[in-house]
Amino acid sequence: MQGLLLRWLINFVAVLIAAWLLPESIRYANWQGVAIFAAVLALLNAFVKPVIALITCPINLLTLGLFTLVINALLFWLAAYLSRGSLDVSGFGAAFLGALIVSVVSFVMTRTIR
């Protein structure tokens, strides 16, 4: 339970940083909306991403893992759609950049904490 809460908190901070770096592309009204979005993103990453990664394994092998960035962007975009009103992503390019920022920030924060 503590690990799940820590994971959500890292996602929350990473999404705030992404929205701060891309203010025209990723907009939110309040921190509660970002919290909901981070929870939806964490659930999608936990349950949907492994299935999609398994299905797209041949494409991922051909692109030497770069297709994972596209999967991350699609999940970021889907999380924004599922948490309507919480966070607004202006398009796939914004979702791609937002997912990239969230991935890097999450990686750095996870390595720093542990």
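**Exercise 1. How many aromatic pairs does the structure hold?**

Keep in mind that this is a predicted model.

Step 1. The structure holds 4 aromatic pairs.

Step 2. Let's pick one pair and describe it. A pair of aromatic rings is described by the distance of the centres and the angle of the planes.

Step 3. For Phe37 and Phe76, the ring centres are 5.1 Å apart and the planes meet at 75°. Planes over 60 degrees apart count as edge-to-face, so Phe37 and Phe76 make an edge-to-face pair.

Step 4. Now find the two partners along the chain. Phe37 belongs to helix α2 and Phe76 to helix α5, 39 residues apart, and the pair links distant parts of the chain.

Step 5. Aromatic residues also turn up as a group: Trp77, Phe92 and Phe96 form one cluster.

**Exercise 2. Work out whether Phe37 and Phe76 are buried or exposed.**

Step 1. You need the cut-off here: buried means under 20% relative accessible area.

Step 2. Phe37 has a relative accessible area of 0%, so Phe37 is buried.

Step 3. Phe76 comes out at 1% relative accessibility, so Phe76 counts as buried too.

**Exercise 3. Describe helix α2, then find what its buried residues pack against.**

Step 1. Start with the span. With 17 residues, α2 reaches 24 Å from its first C-alpha to its last, close to the 24 Å expected at 1.5 Å a residue.

Step 2. Next, pick out the buried residues of α2, which include Val34, Phe37, Ala38 and Leu41.

Step 3. An α-helix has 3.6 residues a turn, so residues three or four places apart point the same way.

Step 4. Finally, look at the neighbours: the buried residues of α2 pack against α1, β1, α3, α5, β2 and α6.

**Exercise 4. Which elements do the buried residues of α6 pack against?**

Step 1. Among the buried residues of α6 are Ala95, Ile101, Val102 and Val105.

Step 2. These buried residues of α6 pack against α1, β1, α2, α5 and β2.

**Exercise 5. What lines the largest pocket?**

Step 1. The largest pocket holds about 480 Å³ of space. Of its 24 lining residues, Arg7, Asn11, Leu41, Ala42 and Asn45 are the closest to the centre.

Step 2. Helices α1, α2, α5 and α6 each give the lining at least two residues.

Step 3. Sort the lining by class and you get 14 nonpolar, 6 polar and 4 charged residues.

Note on methods. Residues are numbered from 1 along each chain as its sequence is written. This is a predicted model: local features need pLDDT of at least 70, side-chain atom pairs count only at pLDDT 80 or more; totals for chains, interfaces and linings use all residues. Side-chain values use heavy atoms; hydrogens and water are left out. On a 1 Å grid over the protein atoms alone, a cavity is a set of points where a 1.4 Å probe fits but cannot get out, and a pocket is an open set with protein on both sides within 12 Å along at least five of seven lines; lining residues have an atom within 4 Å of a point. Grid points are joined across faces, edges and corners, and a volume is the space filled by probe spheres set on the points. Helices (H or I, at least four residues) and strands (E, at least two) are DSSP runs, numbered from the N terminus. Ala, Val, Leu, Ile, Met, Phe, Trp, Tyr, Cys and Pro count as nonpolar, Asp, Glu, Lys and Arg as charged, and the others, Gly among them, as polar. The expected span of a helix is 1.5 Å times one less than its number of residues. Buried means under 20% relative accessible area, exposed over 50%, partly exposed in between (1.4 Å probe, protein chains only). Contact means heavy atoms within 4.5 Å. Rings of Phe, Tyr and Trp (its six-membered ring) pair if their centres lie within 6.5 Å; planes under 30 degrees apart count as stacked, over 60 as edge-to-face and the rest as tilted.
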